[in-house]
Amino acid sequence: MRVFISVDMEGVAGVATIDQIVRGGSGYARAQELMTAEANAAIRGAFEGGASEVLVNDSHGTMDNLVHEQLDPRARVVFGAPRPACMVQGITRDDDIAVFVGYHAMAGAAGVLSHTFSSNFTELRVNGQPMSEAEVNALYAASYDVPVGVVTGDDQICGVAGKVFPGVTTAEVKRANGWSATDSLQPQAARELIERSVATAVAGASELQVQPLPDKYTLEVDFASVLGADTAASTPRTTRVSPRTLRYDAEDPDELIHAVMSWYYLAALAAQQTSAVTFRR
């Protein structure tokens with residue numbers, strides 16, 4: 001049995017502030033260790049549940065956050081960016097279950113460090129429905145017939161997952177007290193919860209149902225700035241809906257993710273240009 005694990009940072013127990021999730025912050029190194037420990041808890045749970053192979057995707061920011069020397073040696077790791085499928089790079093039809101660790105709520109939601117792929121996006125919609133990263137990634141997984149079996153993170157993303165993913169197990173490791181404030185489990189307690197949750201879900205993976213796929217994939221993103229939308233609008237087949245909103249009609253979840261990633265990097269380039277001028281001395 002093969003298990004795919006995507007690990008983000010914002011939903012990890014003990015993480016709640018920008019200082020922790022951005023490289024260079026005084027709390028970043030500690031957050032790396034917390035993230036790596038939760039990844040290991042999920043890996044242990046996967047093997048306890050019957051996995052024969054585990055692939056871990058480093059899914060936060062620059063995607064090179066996990067401390068590899070501390071990772072369970074039974075797992076392989078996908079890291080570095082850019083890459084075509086972003087947080088779900090490496091998932092295949094050979095996977096029996098997908099596990100999302102350290103995930104967070106969508107942009108604009110009341111979750112800890114909530115956003116959707118980029119701080120330069122204020123909302124992302126698929127077929128008119130606002131979506132979190134977990135939901136977009138789940139569409140990609142479903143296109144390979146892989147069900148999402150576990151989601152860990154704060155109460156907000158766990159609440160969404162429980163409504164959207166058939167039969168999913170959620171592990172709530174913290175509760176949102178604001179965008180950068182939380183009421184968190186002690187990290188070891190969170191790891192024990194994650195390990196148990198993953199072990200149970202993997203053992204019952206054959207009973208999980210794959211999320212139904214829609215008939216179309218109309219992507220819309222509201223950008224934080226008009227300049228970001230200006231820059232991203234250069235992507236072929238992109239339609240300008242309003243000064244800050246772009247639309248893209250994708251053929252499938254793979255093309256949908258590619259469009260999100262193209263807009264992500266172009267919007268980041270626009271933000272860098274603005275920042276360079278703002279802080280010029």
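**Entry 1, ground rules.** I am working from a predicted model, in which local features need pLDDT of at least 70 and side-chain atom pairs count only at pLDDT 80 or more, while totals for chains, interfaces and linings use all residues. Residues are numbered from 1 along each chain as its sequence is written, and side-chain values use heavy atoms, with hydrogens and water left out.

I counted seven helices and 12 strands in the protein, where helices (H or I, at least four residues) and strands (E, at least two) are DSSP runs numbered from the N terminus. The radius of gyration is 18 Å, close to the 19 Å that the globule rule gives for 281 residues, so the protein is as compact as a globular protein of that length; the radius is taken over C-alpha atoms, and the rule is 2.2 Å times the number of residues to the power 0.38. Along the principal axes, the C-alpha atoms fill a box of roughly 50 × 45 × 30 Å.

I traced an open sheet with mixed pairing and the strand order 3-2-1-4-7-8-9, two strands being paired if DSSP finds at least two bridges between them. Its edges are strand 3 (76–78) and strand 9 (181–184), each of which pairs on one side only, and the twist averages 25 degrees from one strand to the next. Within this sheet I looked at strand 1 (residues 2–7) and strand 4 (residues 95–103), which are parallel and share six bridges; R2 has D95 in strand 4 as its bridge partner.

Helix 5 (residues 187–203) lies across strand 1, strand 4, strand 7 (148–154) and strand 8 (169–178), and runs at about 145 degrees to strand 8. Contact here means heavy atoms within 4.5 Å, and the axes are lines fitted to C-alpha atoms, for helices over the stretch in contact, with angles from 0 to 180 degrees between N-to-C directions.

I then followed a second open sheet, antiparallel in its pairing, with the order 6-5-10-12-11. Strand 6 (129–130) and strand 11 are its edge strands. Strand 5 (residues 121–126) meets strand 6 in the antiparallel sense over two bridges, and V126 is partnered there by Q129.

I found a cis peptide bond from A81 to P82, with omega near 0 degrees, and P82 sits in the loop between strand 3 and strand 4. D145, in the loop between helix 3 (133–142) and strand 7, has a positive phi near 65 degrees without being a glycine. R237 is likewise not a glycine and has a positive phi of about 70 degrees; its place is the loop between helix 6 (226–232) and strand 11 (239–242).

**Entry 7, the largest pocket.** Which residues are the closest to the centre of the largest pocket? The pocket holds about 860 Å³ of space, and of its 33 lining residues H60, G61, F117, S119 and Y264 are the closest to the centre. (On a 1 Å grid over the protein atoms alone, a pocket is an open set of points where a 1.4 Å probe fits, with protein on both sides within 12 Å along at least five of seven lines, and lining residues have an atom within 4 Å of a point.) Helix 7 gives the largest share of the lining, six residues.

Definitions and conventions
Grid points are joined across faces, edges and corners, and a volume is the space filled by probe spheres set on the points.
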